[in-house]
Amino acid sequence: MDRSPDVIPGMRYRDAYAAMDFLEQAFGFERVLVVHAEGGLVAHAQLRFGTGMIMLGSERPGAEAADLASPGSATPTMGVYCRTDDVDSLFARAQSVGAEVVRPLNDTDYGSRDCAFRDPEGQVWSFGDYRPSMEPQGNVGP
């Protein structure tokens, strides 16, 4: 049975090795694969979080416009939500290594306990215990 995720966010970092270290220490990601490139760069990396995965690599001079977005834009265009059963422990872990809190622990009106952080290069990471349904739910609200 294929257990690989169907949606895998990808991103670039100026210092991909430091980003992987941070993601492991702060949030508990695990390196699955790291493809090293010349010049101390990461050509491609895969990190696992529960049953989910992200891919990342080093920002590369001369990369095509269609390549993954690079860090440093004034406004992030995407955030990543990671589901966990123990949001409080993850929050404490991330704070213990100095992760910047974007949204402190809170309980939402749709039944999730969640929080969010910004990593050292500006990417926003949200964590919560919300389990969205894959079945159509219709429209909600005004």
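Me: Before we start, what counts as contact here?
Reply: Contact means heavy atoms within 4.5 Å of each other. Keep in mind that this is a predicted model.

Me: OK, so what do the buried residues of α2 pack against?
Reply: By that cut-off, they pack against α1 (16-27), β3 (41-49), β6, β7 and β8.

Me: Which residues of α2 are called buried, and why?
Reply: Val-87, Leu-90, Phe-91 and Ala-94. Buried means under 20% relative accessible area, so each of the four falls below that cut-off.

Me: What makes them line one face of the helix?
Reply: Look down the axis of α2: the buried residues fall within an arc of 100°, so they line one face. In general, an α-helix has 3.6 residues a turn, so residues three or four places apart point the same way.

Me: Why are β5 and β8 called paired?
Reply: Pairing takes at least two bridges, and five join β5 to β8 (residues 124-128), so they qualify.

Me: What makes β5 and β6 edge strands?
Reply: The sheet is open, with four strands in the order β5-β8-β7-β6 and mixed pairing. β5 (79-83) and β6 (100-107) each pair on one side only, and that makes them the edges. From one strand to the next, the twist averages 15°.

Me: How do you know that α2 packs on this sheet?
Reply: Helix α2 (residues 87-96) touches β6, β7 (113-118) and β8. Its direction makes about 20° with that of β7.

Me: And what comes just after α2?
Reply: Gly-98, with a positive phi of about 85°.

Note on methods:
Residues numbered from 1 in each chain as written. Predicted model: local features only at pLDDT ≥ 70, side-chain atom pairs only at ≥ 80, totals over all residues. Heavy atoms only, no water. Axes fitted to C-alpha atoms, helices over the stretch in contact; angles between N-to-C directions. Buried < 20%, exposed > 50% of the residue type's maximum accessible area, 1.4 Å probe, protein only. Arc of directions from axis to C-beta.
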